[in-house]
Structures are given as structure tokens and as C-alpha cells.
Amino acid sequence: MLFANKILNWKKIGLFILFCLLLACPGQATAAEPNPPMEIYTDYYVIGGQGYAHFLASSDKREAAYAAARNNFAELLPEEVQLYSLLAPTSSAFGLPDDYACYFPNQSKLIARVQAQLDERFEHISIYDTLAEHADEYLYFRTDHHLTARAGYLAYLQAAAVMELEPVDLQDYPLQDSGVDYLGSIYSATASSGLTAQQDRIFYYQLPDSITYTYWNNNGQPSTSQGLYKEWWLKQPNKYAFFMGGDLPYIKLQTQAQTDRRLAVIKDSFANTIIPFLTAHYDEIYVIDPRHSSFNALDIIKENAVDEVLFVNYTRVVCLPEFSQALVDLTERKSVLVQPVG
């Protein structure tokens with residue numbers, strides 16, 4: 001009986017999503033079925049062997065709540081702390097079949113609306129046009145909603161221009177093939193047979209092994225290792241966690257950059273292929289994921305004399321109230337006592 005109820009619930013969700021789609025694209029209700037066909041799931045669509053995250057919850061109210069949560073940092077952090085904002089589009093921004101354009105928001109306009117509501121202290125890092133220029137490259141995984149390492153480097157180039165960094169040359173960071181194929185987050189959520197024909201592949205740029213990587217769990221207990229790529233994840237279903245070890249509450253990266261610069265990154269998982277390149281420019285980088293962290297980000301920034309803060313989010317979280325609330329929580333909760341390393 002329980003299993004039958006679950007099936008009925010999923011059918012209700014599917015019907016609700018279909019109803020919303022018909023409202024967004026009313027002409028499709030009477031037109032022939034779009035080509036290629038679309039599979040509809042709670043958080044994703046699968047079209048022509050490619051998965052896409054959808055935006056059914058998008059609204060002016062939710063965009064304003066996200067901007068307000070970000071502006072809270074501008075209000076609470078000292079004026080001398082530089083703030084940067086990078087909003088990354090999802091794969092639906094580029095290369096969608098024409099029949100499906102109306103099912104997704106114009107992400108360029110969504111980004112512009114959010115930027116217009118952010119405090120003037122934020123310097124904006126725009127990667128939309130750069131990704132559009134390279135849209136024929138392997139920038140997004142097909143079965144996973146994240147950016148590839150190639151897209152991470154292109155995003156980093158735009159960040160470097162705004163953050164006054166001399167970008168690294170990829171000749172110094174040769175491209176590596178992990179040799180590992182996988183089915184990613186969208187397949188895990190949908191089990192769509194339409195995604196199995198062409199699996200994704202993990203490619204990455206070789207970085208120095210001299211980076212010390214420490215993360216703290218939400219009880220303040222540390223664990224230290226070397227390097228940013230965690231190869232043990234290549235043997236697990238969530239192979240994207242190879243980049244940065246996945247999404248952890250609080251990470252500190254110590255490098256050999258010798259620039260006397262310290263950066264905090266407040267992020268979701270789209271940042272995980274971008275952050276590795278930033279290690280060439282900062283002695284220390286503090287990485288905080290509001291979805292998983294019980295720490296107070298303001299305390300981390302203050303205690304470690306961080307002078308630059310970079311927000312890296314993908315556009316879909318703008319539409320998720322729970323993410324906006326998690327950003328607020330980063331500024332309000334009591335500090336977790338962090339245990340020293342060693």
C-alpha cells in the first residue's frame with residue numbers, strides 16, 4: 001500500500017509540473033509533440049539525451065529574497081572587505097532545442113534582475129556571454145547539472161579580470177583525463193534511460209600538489225589532506241565530488257602563492273570547478289557552503305583577516321527560499337568551536 005501511495009504521489013507531481021508547463025507554453029497544448037520528446041521529473045527535464053534543471057519556482061519575490069540575503073553580508077561586513085558576485089547559468093541557457101525555449105526563463109535577464117537588487121559594494125563577474133561564445137564545447141555535463149573543468153576555467157578568466165588577478169596559463173596546468181565515465185546527478189535523480197546512451201567523463205587540469213586542504217565537520221573536527229582533487233570519489237556514484245571533495249561545511253585551503261591575500265568563497269557546488277584556479281592567487285581560501293554549514297561566516301571572515309569575499313551560485317538557487325534562508329543563517333548563528341589541526 002505504501003508503494004502504491006508513492007506512485008500516486010509521483011503521478012500528482014508529474015501532473016502538476018505538466019500543468020505548469022502548459023501555462024508557460026500554452027501553444028504546446030494544441031501543437032504537435034515537440035521534437036525531441038521531453039521527459040518530465042520533479043527537478044529536471046531530459047531532452048534528447050541531455051538533462052536540464054528547471055525553474056518552476058522562479059518569482060520576483062524569491063529573487064528579491066535572495067538579493068536581500070546577499071545584501072545582509074554587505075551591511076554586516078566592514079567596508080574594507082571587497083565583495084564579488086558570480087551567478088552561473090545552468091545548461092538550459094545554451095543549446096536547447098527551439099521547441100523548449102519557453103519552458104525556461106531567460107537566465108541572462110534573471111541574472112540582470114538580481115544584480116540590479118544587490119548592494120553597490122558587490123562587483124559583478126559575468127560569465128554568461130563567455131559561456132555562450134563557447135557553447136559548442138563540453139561546458140556542462142550531460143547527465144549532471146554542473147559545470148565541467150573547462151567551463152570552470154572560462155569562469156575563472158572572467159573572475160580574474162574583475163578581481164585584478166593575472167590569470168594562469170593552461171600550459172602550466174595540463175588537461176588530464178581521469179579515464180572515468182559516469183552517470184551524474186540528473187541520472188541519479190531520474191534514472192532516465194534517455195541519459196544512458198552517452199555517459200559523462202571527468203577531465204581536470206593538473207594543479208600543484210602543495211595545496212593543504214583542511215575541512216571541518218559541523219562539530220568543528222578537522223581533517224587534513226593534500227591537493228584539491230579527491231580521487232577516491234571516482235570510485236563512488238557521485239563522481240563530481242572529485243572536484244574539491246564535494247560540498248562540505250567549511251574548508252580551508254593553504255597555498256604557496258605568497259601574495260598576502262585571503263579569500264572567502266560562499267558557494268554552492270557550481271563553484272567546485274572554479275575554485276581550483278583561484279589557489280594560484282591567494283595564500284588562504286576559506287570555502288563555506290551554506291546548505292551544509294553550521295558555522296558563522298562572519299566570524300570566519302573576521303578571525304582570519306579575510307579581505308575579499310566571492311559569492312558563487314548557480315541561477316536556480318535564486319529561486320529556492322531555503323537557500324536564501326541558509327545565507328541568512330550564515331550571519332546569525334552562534335559560532336562552532338573549531339578544533340586546531342594536528
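**Entry 1: Asp289**

I looked up the neighbours of Asp289 and found that Asp289 touches Asp247, Leu248, Pro249, Lys267 and Asp268, leaving aside residues up to four places away in sequence. Contact here means heavy atoms within 4.5 Å. Asp289 sits in the loop between strand S12 (284–288) and helix H8 (297–303). Helices (H or I, at least four residues) and strands (E, at least two) are DSSP runs, numbered from the N terminus. Is Asp289 buried or exposed? Asp289 counts as buried because its relative accessibility is 0%. I noted the cut-offs: buried is under 20% relative accessible area, exposed is over 50%, and partly exposed lies in between (1.4 Å probe, protein chains only).

I also noted what I am working with: this is a predicted model, local features need pLDDT of at least 70, side-chain atom pairs count only at pLDDT 80 or more, and totals for chains, interfaces and linings use all residues. Residues are numbered from 1 along each chain as its sequence is written, and side-chain values use heavy atoms, with hydrogens and water left out.

**Entry 2: the whole chain**

I checked the overall counts. The protein chain has nine helices and 13 strands. It has 342 residues, and 50% of them count as buried. Of the contacts with a separation of 6 or more, 74% are between residues 24 or more positions apart.

I went to Arg316 next. Arg316 lies in the loop between strand S13 (308–314) and helix H9 (321–332). Its relative accessible area is 12%, so Arg316 is buried. Arg316 touches Asp43, Ala53, His54, Phe55 and Thr90, again not counting residues up to four places away in sequence.

Then I took Thr148. Thr148 is in the loop between helix H4 (128–133) and helix H5 (149–163). Thr148 counts as buried because its relative accessibility is 4%. Not counting residues up to four places away in sequence, Thr148 touches Tyr138, Leu139, Tyr140, Phe141 and Thr273. How far apart in space are Thr148 and Phe270? They are 9.2 Å apart, C-alpha to C-alpha, and 122 residues apart in sequence.

The 17 residues of H2 should span 24 Å, and the end C-alpha atoms are 25 Å apart, so the two agree. The buried residues in H2 are Glu63, Tyr66, Ala67, Ala69, Arg70, Asn72, Phe73 and Ala74.

How do H2 and H9 pack? Their axes are 9 Å apart, at an angle of about 15°. H2 is therefore roughly parallel to H9. Axes are lines fitted to C-alpha atoms, for helices over the stretch in contact, and angles run from 0 to 180 degrees between N-to-C directions. Angles under 35 degrees count as roughly parallel, over 145 as roughly antiparallel, 65 to 115 as roughly perpendicular, and the rest as oblique. By class, the contact of H2 with H9 has ten nonpolar, three polar and two charged residues. The classes are nonpolar (Ala, Val, Leu, Ile, Met, Phe, Trp, Tyr, Cys and Pro), charged (Asp, Glu, Lys and Arg) and polar (the others, Gly among them).

I turned to helix H3 (residues 107–117). The axes of H2 and H3 come within 9 Å and cross at roughly 45°. That angle makes H2 oblique to H3. The contact uses Asp60, Glu63, Ala64, Tyr66, Ala67 and Asn71 of H2, and Leu110, Arg113, Val114 and Gln117 of H3. By class, this contact of H2 with H3 has five nonpolar, two polar and three charged residues.

**Entry 3: helix H9**

H9 has twelve residues and reaches 17 Å from its first C-alpha to its last, close to the expected 16 Å. Its buried residues are Phe323, Ser324, Ala326, Leu327, Val328, Leu330 and Thr331. These buried residues of H9 pack against H2, strand S11 (262–267), S12, H8 and S13.

**Entry 4: positive phi**

I kept one rule in mind: most residues other than glycine have a negative phi. Met244 is not a glycine, yet it has a positive phi of about 65°. Met244 is in the loop between strand S9 (222–226) and strand S10 (250–254). At 1% relative accessibility, Met244 counts as buried. Asp260 is not a glycine either, and has a positive phi of about 60°. Asp260 is in the loop between S10 and S11. Asp260 counts as exposed because its relative accessibility is 54%.

Key: Expected span 1.5 Å × (residues − 1).
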